[in-house]
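Subject: A structure for you to look at

Hello,

I am handing over a structure that you have not seen before. Please have a look at it first, and then read on.

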Amino acid sequence: MNHPDVVVVGAGVVGASVAWHLARRGVKVILLDRGQGKGDGSSARATGGFRAQYGTAINIRLSLLSRAKLRAFRDEVGADPGYEPAGYLWLATSVRELATLTEGCKLQRAEGVTEATVVTTDDIHRLNPAVHDAKVVGGTWCPTDGFIRPLSILGGYLAGARAMGVEVRWDTSVLGAERNGESLAAVVTDRGPIPCGAVVVASGPWSGEVGRALGVTIAVQPLRRQVAPTVPTQTLPSGMPMTIWAGDGFHLRVRNGRVLLLRPTDGDPRDPWSTSVDDAWVQEVTTMAHARIPALRDVPVDRLGCWAGLYEMSPDKHALLGRVHGAANAYTASGNSGHGVMHSPAEGQLLSELIVDGAFQSLDATALRPTRFAEGAPIQGPALL
């Protein structure tokens, strides 16, 4: 039987990128997803931010590689990723927060993000005049950060992958694996076994679950993230930068004529898979918005339009990229901890290099190896970034 070289499990934006990059290298790929079609998972629920302002070198390097690929996306993939460099404005309300942002900015500049800079309160008022928070003491700014369109990136990779011969199978769940010694010989699905040369798990928050079915270890847990959009409004300009309070993570942006209000929480320990939106959270984030952006006080939140999705959290909040424990030919691109869409172009390229060439070529991503936790080598970085 003529079987695929690689089975990729998960047809969200990361899995689609992996499939596209492998197919471009001449690898035969089958892409599986238990959803009914494009965007059934977490990719469609992403808010579409892009940044290079991180506190660890590996995340900055991933962003720079992704940014280069986003700029070339039309030519390489044939679709518009919607990259809009509207900027990210980080705000500090204490000397300690500002020191952390400043150290992060030094690292970003050292890694090549030379446009990143520390800003004063006067700069902040110029960059986003809507901010009125007397507690803000300064911040950081990067004009090449901004926004992307998750579904456009996903659609581009899926269409391009299909054009290069990738078979996409929807409504297909992974149940287990057939083994040949230390390797996976076939992925067992509810539609039958699929022989394979290698397997990539790129199932977002479901990656740990898929890994257990395959008999491999992938340290990923789901975490709910909620979004509260306002009713349609022109109160804030469409080109307003993403604006983030570093201390508590409250942030907002304008998308499709609405202001999106966001603040991370710890999720619901009773039901980590919940994607419902809490009334108390909506009230909290609305109160924060009204206090910090007075122009929004007369702009209601669209309660029925609120939504939630799932982050795929790793123990150190960095991606898992590479071979996994439990099988010699099993890999993962997961655990992105909220950075999956923005880093998907880089991760697809890097994992295709590891599988085809036997080593990363575009940059050294060995720090992201999924085995690092068992080795006692988690990535250390500031919580704010």
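Below are some notes on what was found in it.

This is a predicted model, in which local features need pLDDT of at least 70 and side-chain atom pairs count only at pLDDT 80 or more, while totals for chains, interfaces and linings use all residues. Residues are numbered from 1 along each chain as its sequence is written, and side-chain values use heavy atoms, with hydrogens and water left out.

Let me begin with the helices. Two packed helices are described by the angle between their axes and the distance between the axes. Here the axes are lines fitted to C-alpha atoms, for helices over the stretch in contact, and the angles run from 0 to 180 degrees between N-to-C directions. Helices (H or I, at least four residues) and strands (E, at least two) are DSSP runs, numbered from the N terminus.

Helix H1, residues 13-24, packs against helix H6, residues 150-163, at an angle of about 35°, and their axes are 8 Å apart. The crossing of H1 and H6 is left-handed; that term applies if the near helix is turned anticlockwise from the far one by less than a right angle, and right-handed applies if clockwise. On the H1 side, Val13, Ala16, Ser17, Trp20 and His21 meet Ile153, Leu154, Tyr157, Leu158, Gly160 and Ala161 of H6, where contact means heavy atoms within 4.5 Å. By class, the residues of this contact are 8 nonpolar, 3 polar and no charged. For the classes, Ala, Val, Leu, Ile, Met, Phe, Trp, Tyr, Cys and Pro count as nonpolar, Asp, Glu, Lys and Arg as charged, and the others, Gly among them, as polar.

H1 also packs with H9: their axes come within 8 Å and cross at roughly 40°. The crossing of H1 and H9 is right-handed. Among the residues that make the contact are Val14, Val18 and Leu22 of H1 and Val341, Leu351 and Ile355 of H9. The residues of the contact of H1 with H9 divide into 9 nonpolar, 7 polar and 2 charged.

Most residues other than glycine have a negative phi. Asp171, in the loop between strand S8 (167-169) and strand S9 (174-180), has a positive phi near 55°. Ser337 has a positive phi near 55° too, and lies in the loop between strand S19 (330-334) and helix H9 (340-357). Asp171 is partly exposed, with a relative accessible area of 30%, whereas Ser337 is buried at 7%. Buried means under 20% relative accessible area, exposed over 50%, and partly exposed in between (1.4 Å probe, protein chains only).

Finally, a few single residues. Thr140 sits in strand S6, residues 138-142, and counts as buried because its relative accessibility is 2%. Leaving out residues up to four places away in sequence, Thr140 touches several residues, including Tyr88, Trp90, Leu101 and Val118. Thr286 belongs to helix H8, residues 279-292, and is buried at 12% relative accessibility. Apart from neighbours within four places in sequence, Thr286 is in contact with Leu261 and Val301.

Both Gly358 and Pro370 are in the segment after H9. Gly358 is partly exposed, with a relative accessible area of 46%, while Pro370 is buried at 11%. Pro370 and Ala319 are 51 residues apart in sequence and 8.2 Å apart in space, C-alpha to C-alpha. Beyond neighbours within four places in sequence, the contacts of Pro370 include Leu320, Arg323 and Thr332.

Best wishes
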